[in-house]
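Thanks for coming. I will go through one structure today and keep to what can be read from the coordinates.

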Amino acid sequence: LDTAAVVAYVQSGYDNIGNVTVQKHYPHTLEVSITERTAFGLWCRDTQCQYFDRNGARWGTAVPSRGPLLIRVQDARTESDVPERLVQGMLAAIDGLPELGLRGLSVALPDAAPGDMRIAVNKKYDLLLDAYDEVADQLATLGVLLSDKAKDPTWAPQYIDVRTPGRAYYR
């Protein structure tokens, strides 16, 4: 039995399969273990959306939507490949927001500068971050700004830009 051929055959038929292992146990047993991908969000280009997982793998088709279960990424970049570094920076930002009392609703990847991302949060403003830079430092800068402005009831920014190291700009 060519186990590699069985793995390739199973993976070619189903996009949502993350991992397949095939083992032959003599004399008459074949064990096939399949791990399904877990969707983290929707990756959209124009109106075409696919599911994606925490590794950046995209599969299937999905209806463009937004909600609390899956985060929506609107990709306006001209390049079609998705670098792992971009995905990891985006996930670090989304995962770090709850510590600041924020929740990411959607992510926009403009075609301006590599790594730029605009995250819509559950407040009435957006965050501008750089996925290729130190996301933890950007979130720390954001935390300092938010704790300072928490005392000001009139503070209502449209966006907060923390892409410059150690600085936060807002409007």
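Predicted model: local features only at pLDDT ≥ 70, side-chain atom pairs only at ≥ 80, totals over all residues.

The sulfur atoms of Cys44 and Cys49 are 2.0 Å apart, and the structure holds one disulfide.

In the loop between S3 and strand S4, residues 48-52, sits Asp46. Asp46 has a phi near 55°, a positive value in a residue other than glycine. Asp46 is also exposed, at 67% relative accessible area.

The peptide bond from Tyr26 to Pro27 is cis, with omega near 10°. Pro27 is in the loop between strand S1, residues 17-25, and S2. As background, most residues other than glycine have a negative phi, and most peptide bonds are trans.

Now the charged pairs. How many salt bridges does a search of the whole structure find? The search finds eight. Side chains of opposite charge can pair when their charged atoms come close.

Take Arg45 and Asp75. Their closest N and O atoms are 3.3 Å apart, and they form a salt bridge. Arg45 is in strand S3, residues 41-45, and Asp75 is in strand S6, so this pair ties together parts that are 30 residues apart in sequence. Arg45 has a relative accessible area of 22% and is partly exposed, while Asp75 has 3% and is buried.

Asp75 and Arg77 are both buried. Put together with Glu79, these residues make a network: Arg45, Asp75, Arg77 and Glu79 are linked by salt bridges.

Elsewhere, Arg163 pairs with Asp116, and here the closest N and O atoms are 2.9 Å apart. This pair links distant parts of the chain, 47 residues apart, with Arg163 in the loop between strand S10 (159-161) and strand S11 (169-170), and Asp116 in strand S8. Arg163 is partly exposed at 28% relative accessible area, and Asp116 is buried at 12%.

Next, the inside of the model. The largest nonpolar core has 30 residues, and those touching the most other members are Val107, Met117, Ile119, Leu127, Leu142 and Ile160. Which elements each supply at least two residues of this core? They are strand S6 (71-75), helix H2 (84-96), strand S7 (104-109), strand S8 (116-121), strand S9 (126-130) and helix H3 (135-149). H2 gives the most, with six residues. Apart from this core lies another one of five residues, including Val10, Ile17, Val20 and Val22.

Leaving aside neighbours within four places in sequence, Leu142 is in contact with Leu97, Leu100, Leu102, Leu127, Ile160 and Val162.

Val121 is in strand S8 and is buried, with a relative accessible area of 3%.

Gln138 is in helix H3, and at 3% relative accessibility Gln138 counts as buried. Not counting residues up to four places away in sequence, Gln138 touches Leu129, Asp130, Asp133, Val162 and Arg163. Arg163 is the residue that forms the salt bridge with Asp116.

Last, the surface. Which residues form a nonpolar patch there? Leu1, Leu30, Val32 and Ile34 do, with about 380 Å² of accessible area together. Ile34 is in strand S2, residues 29-36, and is partly exposed, with a relative accessible area of 47%.

That is the tour. I will take questions now.

Technical notes: Residues numbered from 1 in each chain as written. Heavy atoms only, no water. Core = buried A, V, L, I, M, F, W, Y, C linked by side-chain atoms within 4.5 Å. Buried < 20%, exposed > 50% of the residue type's maximum accessible area, 1.4 Å probe, protein only. Helix = DSSP H or I, 4+ residues; strand = E, 2+ residues; numbered from the N terminus. Contact = heavy atoms within 4.5 Å. Salt bridge = Lys/Arg side-chain N within 4 Å of Asp/Glu carboxyl O. Disulfide = S-S within 2.5 Å. Patch = residues over 30% accessible without salt bridge, like charges linked within 9 Å, V, L, I, M, F, W, Y side chains within 5 Å. Areas by Shrake-Rupley, 256 points an atom, 1.4 Å probe, with all protein chains shown as cover.
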